[in-house]
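Welcome, and let's take a walk through this structure together. We will begin at a ligand and finish with a pair of helices.

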Amino acid sequence: MILSVEDLCIDIAGKPALRSLTFSVAAGEVLGVVGESGCGKSMVNLALMGLLPDGVTASALRMSACGVDLLRAGSRDWRALRGGGMAMIFQNPMSALNPCLTVERQLLESVRRARADLDRSAARAEALRLLDRVGIAHAGARLKSYPHELSGGMAQRIMIAMAVAAGPQLLIADEPTTALDVTVQAQILQLLEEIRRDTGMALLLVSHDIGVIEQCAHRVQVMYSGQIVESGAVDAVIGSPRHPYTRGLVAAQPGRSGMPPKSRLATIEGSVIPITEEVDGCRFRPRCVRADHRCLQPQPMRQIETHSQRGSRCHW
Amino acid sequence: MDIFRKASCRRLLELSTTLLGVTLLAFFLIRLAPGDPVLLLIGERGSDPAQYREMAMRLGLEKPLVAQYLQFVGSALQGDFGVSVVSHQGVIGELLARWPATIELGVSALLIACAVGIPAGVAAAVYRNSVLDYLIMTVSIFGYSIPVFWWGLVLILCFSIGLDLTPVAGRIDILYDVPPATGFMLVDTLMPQVIEDYGLSAFGSALGHLVLPALTMATVPLAVFARTTRSSMLEVLSEDYIRTARAKGLSELRVVWRHAFRNALIPVVTVGGVLFVTTVITGAILTETIFAWPGVGRYIVNSVYARDYPVIQASILLIGVFVILVNGLIEYFYSAINPAIGGRRAG
Amino acid sequence: MLADRMGLPLPGGWGNIGFLVLACLLALGFVFPLLLDLSPYRMGSELLQAPSWNPLSAPLLGTDDLGRDMFARLVYGARCSLGIGFVVVTVSLVVGVGLGLLAGVYGGWLDTLIMRLVDLLMCLPSILLAIVIVAVLGSGLGNAIVAVTIIGIPRFVRVVRAVAIQEMQKTYVTAAFASGSSRLRVLCTEVLPNCVPPVIVQAALGFSDAILEIAALGFLGLGAKPPVAEWGAMLADARPFIESHPLLVVMPGVCILLTVLSFNLVGDALRDRLDPKMERQ
Ligand SMILES: Nc1ncnc2c1ncn2[C@@H]1O[C@H](COP(=O)(O)OP(=O)(O)OP(=O)(O)O)[C@@H](O)[C@H]1O
Ligand SMILES: [Mg+2]
């Protein structure tokens with residue numbers, strides 16, 4: 001396992017926000033994470049990178065990545081890990097690049113960080129190769145640009161180039177395509193898939209679009225209001241969702257569940273409980289169509305089929 | 001880029017209207033002051049009729065205002081601001097002779113303020129809500145509120161009278177006879193000839209005389225630098241690209257200085273430009289008075305006491321031009337330091 | 001907490017301490033003279049007396065070079081500074097808000113004219129401008145007040161104009177125009193209320209600047225003239241005695257610092273509370 005997390009809890013300002021997350025990613029695997037905006041996906045990613053903002057704290061029974069025990073990692077270990085085995089790309093590529101530094105300086109920083117042995121020109125050549133790898137034309141000219149001169153897609157490609165510079169074993173992609181328009185989205189996902197296949201790195205792909213996950217991921221876990229509510233192989237989870245929230249998500253996909261085109265899309269009524277709010281029983285209960293008295297009890301993760309790591313936080 | 005150029009053209013136009021305003025202010029100054037402008041300009045006592053007639057001609061009071069104004073601007077452009085009532089010397093020469101002393105003091109003060117204030121602000125931001133942060137911010141709000149003229153006296157009280165470490169007034173000990181080469185005492189005392197005569201002791205004396213006034217003048221800008229740097233650093237440190245830099249595994253030192261500091265500097269530069277002007281002029285007026293520093297500030301104050309209107313007129317004009325030039329330069333620097341700003345302003 | 005319940009508009013945080021100090025100064029300046037027999041001008045027989053811990057037998061803070069009671073002079077100085085500050089801020093607030101509204105709401109050449117004037121005022125450092133104005137009008141406390149008032153105007157014009165322009169672009173204002181409201185009406189109902197928070201903040205900061213400038217002019221001998229108990233002028237008077245009686249120099253300065261500091265604390269706290277986005281220029 002490249003990444004394995006057991007019972008990860010994250011508190012925001014002392015209040016529990018994310019509750020007992022357990023998951024793992026194997027080498028070369030793509031784990032998809034779906035969930036509504038605000039359910040805490042980014043928080044988990046930041047916790048994995050040790051980049052939680054002030055006032056947000058994480059605790060876990062076990063958390064290790066690339067063979068490093070993250071619970072015991074000091075700031076030096078974290079830095080070694082971030083510039084080495086793990087890398088992350090962010091939701092909004094335009095704000096994730098430093099507006100005052102050229103692409104060259106930012107990219108070289110990553111290259112140098114990964115390979116201290118390279119001299120200036122070799123590092124530059126490596127940077128050009130990386131830009132070429134992520135499909136940027138006129139790489140030489142692009143190195144001289146400032147981020148505000150780039151399009152969103154191009155900026156995200158450069159983020160990817162910086163992230164893979166060190167040849168990470170795990171890439172965390174936090175909604176890499178949300179801020180981009182649809183045609184570019186497909187290209188970026190394609191690129192990530194290619195790089196994954198070439199390098200054999202594992203990918204933790206976060207999205208709130210279940211279509212994207214279906215297309216790219218091997219396994220998926222569905223998050224709702226700070227919890228993992230369902231997990232399993234992509235085909236199984238999307239083909240026969242067990243948790244009512246997953247069902248809702250799948251049904252809300254255009255052109256699915258055998259609906260004729262142009263028919264009304266299914267929606268999930270109501271809105272998410274803020275993740276820091278304490279609730280008795282199932283957190284989805286207020287929005288669930290099938291809720292009954294049993295839902296007043298806390299719902300543990302239930303194994304569905306023993307052999308396939310499928311689980312759901314619903315008694316149905 | 002073209003739109004950007006248009007934007008800076010507009011700004012240039014704005015700056016030149018302000019310049020126009022400054023000339024108008026200087027022009028109307030003597031015409032608004034109570035009394036006969038001619039008498040104001042030649043001084044009331046001991047004016048003989050010939051001198052009176054000459055000045056009246058020069059002002060062209062019988063001509064329409066526009067013509068008078070053009071004549072005023074015309075002679076100002078040629079560097080002719082008339083003659084001081086007190087010294088009967090050309091005003092421009094008197095002002096320029098005092099300018100280096102003021103600049104020397106102002107620049108030293110600003111350097112002290114930058115060197116202490118900016119790192120303090122960065123430290124306060126990086127260790128926010130720590131004891132260090134509270135300490136720096138408390139000191140800086142005191143520094144910001146301090147009456148400069150009192151602070152100078154308190155420093156004299158402590159360091160000159162109490163500890164007897166520094167001299168109280170002037171630029172250099174009267175023992176030394178330093179020929180004015182550049183007007184900057186620190187430079188002049190390092191001239192080969194001076195070193196031959198006195199060794200480095202003249203330089204030491206000049207430095208000793210500079211310390212207290214420079215510290216006095218530095219206090220307010222130091223506090224402003226610390227506050228501005230802190231808030232701007234805090235803002236930048238919460239930006240996405242700082243998270244990216246951390247995600248790359250860069251050291252905290254590198255994240256703070258390379259990724260955050262440069263970007264946080266932009267508002268600091270703007271504030272610094274404004275401060276430079278206020279420090280040099282405002283600080284000069286009060287500090288030079290306290291420390292008997294022979295600069296422009298003290299000269300202006302003395303001219304007001306003596307009702308030396310030609311000097312006041314020229315000072316406003318020159319200082320106005322100086323301020324506008326500095327502002328223009330700052331704005332140029334501002335767009336040069338952050339490429340994105342130029343682009344964004346254009347868009 | 002308590003203040004909130006009592007409906008006191010306290011600024012919060014360190015601002016409360018500033019508020020408290022200001023309240024004390026107000027009491028000192030305006031209530032003490034009514035209760036005690038204090039005169040800032042009466043000359044006693046004991047010159048340059050040291051402070052005494054027994055206020056019944058000797059003046060609390062000693063006497064100055066003319067034998068006047070320092071405590072009384074400082075108290076009257078508080079009255080002078082706060083009173084002048086109030087006049088200056090009120091007048092420049094009224095003028096500044098008016099001009100700012102004109103510029104922001106009507107726009108066009110009026111806006112250009114007003115803003116160029118503001119630029120002109122802001123371009124010259126305030127002390128220099130004050131000195132120049134005093135040079136034209138002649139020195140004296142009255143003229144110093146006029147000068148400081150003029151210098152105080154731009155800060156209000158700028159914030160009010162910014163708010164007005166922002167408000168004028170909002171849809172509901174456009175809608176109000178569309179439904180036939182006059183500019184004046186929109187101005188009173190939509191724009192003016194939104195100006196209140198930034199104007200309050202600027203008023204607090206304006207107070208501190210005004211007090212500092214009046215004291216500076218007094219110190220330079222261009223504002224309040226000697227017998228008047230004004231902190232800046234007192235400081236200038238005491239300068240010759242700096243070596244022998246340093247307290248005479250220290251005390252008025254501490255008073256100025258304390259007052260200015262309190263106004264700045266209140267202004268900062270109010271800004272954080274009323275409008276976190278607003279930057280001090
Ligand atoms: N710095 C922070 N301090 C405190 N709370 C925060 C902070 N950042 C985010 N939150 C809260 O944490 C919750 C989860 O945020 P997170 O960004 O992880 O959501 P997300 O699932 O990534 O949503 P999105 O799809 O919009 O990116 C949000 O409800 C938000 O209010
Ligand atoms: Mg997110």
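The shell around ligand 1 is made up of five nonpolar, six polar and three charged residues. Here Ala, Val, Leu, Ile, Met, Phe, Trp, Tyr, Cys and Pro count as nonpolar, Asp, Glu, Lys and Arg as charged, and the others, Gly among them, as polar. This is a predicted model, in which local features need pLDDT of at least 70 and side-chain atom pairs pLDDT 80 or more, while totals for chains, interfaces and linings use all residues. Residues are numbered from 1 along each chain as its sequence is written, chains are lettered from A and ligands numbered from 1 in the order in which they are written, and side-chain values use heavy atoms, leaving out hydrogens and water.

Which residues come nearest to ligand 1? Of the 14 around it, they are Ser37(A), Gly38(A), Lys41(A), Ser42(A) and Glu175(A); a residue is near if one of its heavy atoms lies within 4 Å. Helix α1 (residues 41-49) of chain A gives the largest share of the shell, three residues; helices are DSSP runs of H or I, at least four residues, numbered from the N terminus.

Now look at the polar contacts, pairs of N or O atoms within 3.5 Å. The side chain of Ser37(A) has an N or O atom 2.4 Å from an oxygen atom of ligand 1. A polar backbone atom of Met43(A) is 2.9 Å from an oxygen atom of ligand 1. The protein buries 63% of the 640 Å² that ligand 1 exposes when taken alone, by the Shrake-Rupley method with a 1.4 Å probe.

Finally, turn to chain B. The axes of helix α7 (residues 148-162) of chain B and helix α10 (residues 201-237) of chain B come within 9 Å and cross at roughly 140°; axes are lines fitted to C-alpha atoms, for helices over the stretch in contact, with angles from 0 to 180 degrees between N-to-C directions. α7(B) and α10(B) are therefore oblique to each other, since angles under 35 degrees count as roughly parallel, over 145 as roughly antiparallel, 65 to 115 as roughly perpendicular and the rest as oblique.

Notes. Polar contact = N/O pair within 3.5 Å; in protein donor to acceptor, adjacent residues only side chain to side chain. Helix = DSSP H or I, 4+ residues; strand = E, 2+ residues; numbered from the N terminus.
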